[in-house]
Amino acid sequence: MINMSGRLWSKAMFAGYKQGLWNQREHTAVLKIEGVYAQDETEFYLGKSCAYVYEAKNNTVTPGGKPNKTRIIWGKVTHAHRIHGMVHAKFQSNLPAKAIGHKIHVILYFSRI
């Protein structure tokens, strides 16, 4: 029997920003999704939502709940990055540089299939 976890998101790591030879484009993030190692494997994730979850200094009001410090920056996976299984993602606001190397959630429950 396979042990299925109840997780509806896949783990990814924010590897950095899209870069050219001289310029860095902060509006596009490069993500490394866990378990994806080739460009053809990234096709499943295209169009999926992604979220950077972090804690801020101050509390904020949440709808229907107690105030807490959790914040989310939402984004979307746009296309594959080269051939190594990494993807580009655009977020509502640019991810901060301190997020490089941190976890990103790639939401799996909306599918193009």
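This is a short tour of a predicted model, stop by stop.

**Ground rules.** Numbering starts from 1 along each chain as its sequence is written, and side-chain values use heavy atoms, with hydrogens and water left out. In this predicted model, local features need pLDDT of at least 70 and side-chain atom pairs count only at pLDDT 80 or more, while totals for chains, interfaces and linings use all residues.

**Whole chain.** Start with the C-alpha trace. Along its principal axes it spans about 50 × 45 × 25 Å. Colour by secondary structure. The chain has six strands and zero helices; from the N terminus the order reads β-β-β-β-β-β. Strands (E, at least two residues) and helices (H or I, at least four) are DSSP runs, numbered from the N terminus.

Switch to a surface. The chain exposes about 7,900 Å², of which carbon and sulfur atoms supply 55%. These accessible areas come from the Shrake-Rupley method with a 1.4 Å probe; for residues, only the protein chains shown count as cover. Of the 113 residues, 30% are buried. Buried means under 20% relative accessible area, exposed over 50%, and partly exposed in between (1.4 Å probe, protein chains only).

Among contacts between residues at least 6 apart in sequence, 59% join residues at least 24 apart. A contact here means heavy atoms within 4.5 Å.

Now select the charges. The chain carries 16 positive and 6 negative ones, and their mean positions are 10 Å apart. Lys and Arg count as positive, Asp and Glu as negative; His and the chain ends are not counted. Each charge is placed at NZ of Lys, CZ of Arg, CG of Asp or CD of Glu.

**Stop 1: Ser 10.** Select strand 1, residues 9–19; Ser 10 lies in it. Ser 10 counts as buried because its relative accessibility is 9%. Show its surroundings. Beyond neighbours within four places in sequence, Ser 10 contacts Ile 33, Glu 34, Tyr 45, Ile 104, His 105, Val 106 and Leu 108.

**Stop 2: Arg 82.** Go to the loop between strand 4 (68–81) and strand 5 (86–91), where Arg 82 lies. Check its backbone. Arg 82 is not a glycine, yet its phi is positive, about 60 degrees. With a relative accessible area of 60%, Arg 82 is exposed.

**Stop 3: Phe 110.** Move to the segment after strand 6 (103–107), which holds Phe 110. Phe 110 counts as exposed, at 60% relative accessibility. With Phe 110 they make a nonpolar surface patch of about 380 Å². Patch residues have over 30% relative accessible area and no salt bridge; nonpolar side chains (Val, Leu, Ile, Met, Phe, Trp, Tyr) are joined within 5 Å, like charges within 9 Å. A salt bridge is a side-chain nitrogen of Lys or Arg within 4 Å of a carboxyl oxygen of Asp or Glu.
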